[in-house]
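Reader: Could you take me through the salt bridges in this one? I'd like a close look at who pairs with whom, and where the partners sit.

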Amino acid sequence: YPQPARVTSAVRLARVAAGCADRGAGAAVLELSAAAVAAGAALGASIDVAVFVGSPLADDGTPDSAGLEAIASLFGTLSDPDGQRAVINADDAAAPAIAAAASRVPAVTYALYNRGADVFCAKARFSLWETELLVRTPVGELSIASPLVCRHNAYNVVAAVAAGLAVAPGGSSLDLKTIVRGVEATEVVPGRCEAVDEGQPFAVVIDAARTPDALGRLLDGVREAGARRVILVVGAPGERHRALRPFLGEVAHYKADVVILTNDNPRGEAPHEVVADIVSGFPDSVLADNAAAAYPPGFLQDPGRVDEAALEFLWAAAREHGRHVCEDRWMAIRWAVGTAAAPDDVVLLVGKGADDYQEYVDADGRPLKGWFDDRVEARNALARAVDLWGVAALDRSELPWAEWEEREPRLGTV
């Protein structure tokens, strides 16, 4: 089914804004990527407060200099010191350049590390369920408890505080209590480090991380929040950014405890070939063991691709390394949810975020798009996993699940 373009046009943006105004909206918050800014999506828009959250990165994780130039140009259009404000992340290396571009209007800076910022996070405590912040501002301190988790969301919260202080023209600002209420009322950003809570004793988090850099920051964030064991379900999109796949594999291997490689919009590529590209980023020791297997291309393949006689050896090697392949994303989610048990376990389902579809091609090579939502599937898996938790004789601490007394490799399903 059709999906709206991620990079919108200035005309479409104006139509959406006009529709909001017709329905009584007095304000709108717009998130623009560097690509959207460069494409002119904000041309003609009347911006009251522009917030710079950080320097953009290209898909390969390198600095996006063209995107940064476009952002600086946008801030350069701010010219009304009575009605416009700039909000700038003072921890970012490009902050001075953005401040110079927006020099015609007052600016509010924010930071987690730069103590000279106008809005500074003096204390932060991270957990897998919430983030607690003490924020110092020119007009007082704020204590905030947000259900948005990980350090990057702490940046977003502090940016929101700074925007609240900058939002009113004429030098005034929103009341601090109003800012706190607004921030704490935001329970979820769909597909962005989104927690799925069905009363289970461990955390399940959905995120749209698609690049090695984004995946690495996400994994670092959940570790900082207290994760002891990270069970990661990750794939790479077909027909897109093939050169990044080994780096995704490298980040996944070194920063997650259990890795389950799976599909993520394979499109016209064979799923096992996409998996092989990701696997190539694993360390030489793992690749050597994989190559030494008697059933090519080794244990780093979907169990459905090997003869039944080889399954025992595949599972033993995969269990030893904590590295698995399940091309069926539906099943991969259930493997991960069923394997988690402890309060400090975290199941991370990455790549899709709020996208609710999978992309394939039919036998004639025509594109197909079918419904699939990680958030819904995670909830369904958790609902069924309750039955598993009641089976005392079943060891689910690692894949494949097996009875304690006779731990033999076998498939376990939810």
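Author: Let's start with Glu-327, which is buried at 12% relative accessibility (buried means under 20% relative accessible area, exposed over 50%, partly exposed in between, with a 1.4 Å probe and protein chains only). Arg-305 lies in the loop between helix 10 (284-292) and helix 11 (311-321), and Glu-327 in the loop between strand 11 (323-325) and helix 12 (329-339), so the pair ties together parts 22 residues apart in sequence. Helices (H or I, at least four residues) and strands (E, at least two) are DSSP runs, numbered from the N terminus.

A quick word on the basis: this is a predicted model, where local features need pLDDT of at least 70 and side-chain atom pairs count only at pLDDT 80 or more, while totals for chains, interfaces and linings use all residues. Residues are numbered from 1 along each chain as its sequence is written, and side-chain values use heavy atoms, leaving out hydrogens and water.

Now for Arg-229 and Asp-345, whose side chains meet in a salt bridge at 3.0 Å, N to O. Arg-229 is buried at 14%, and Asp-345 is buried at 1%. Through shared partners, salt bridges join Arg-228, Arg-229, Asp-344 and Asp-345 into one network. The count for the model comes to 25 salt bridges.

Note on methods. A salt bridge is a side-chain nitrogen of Lys or Arg within 4 Å of a carboxyl oxygen of Asp or Glu.
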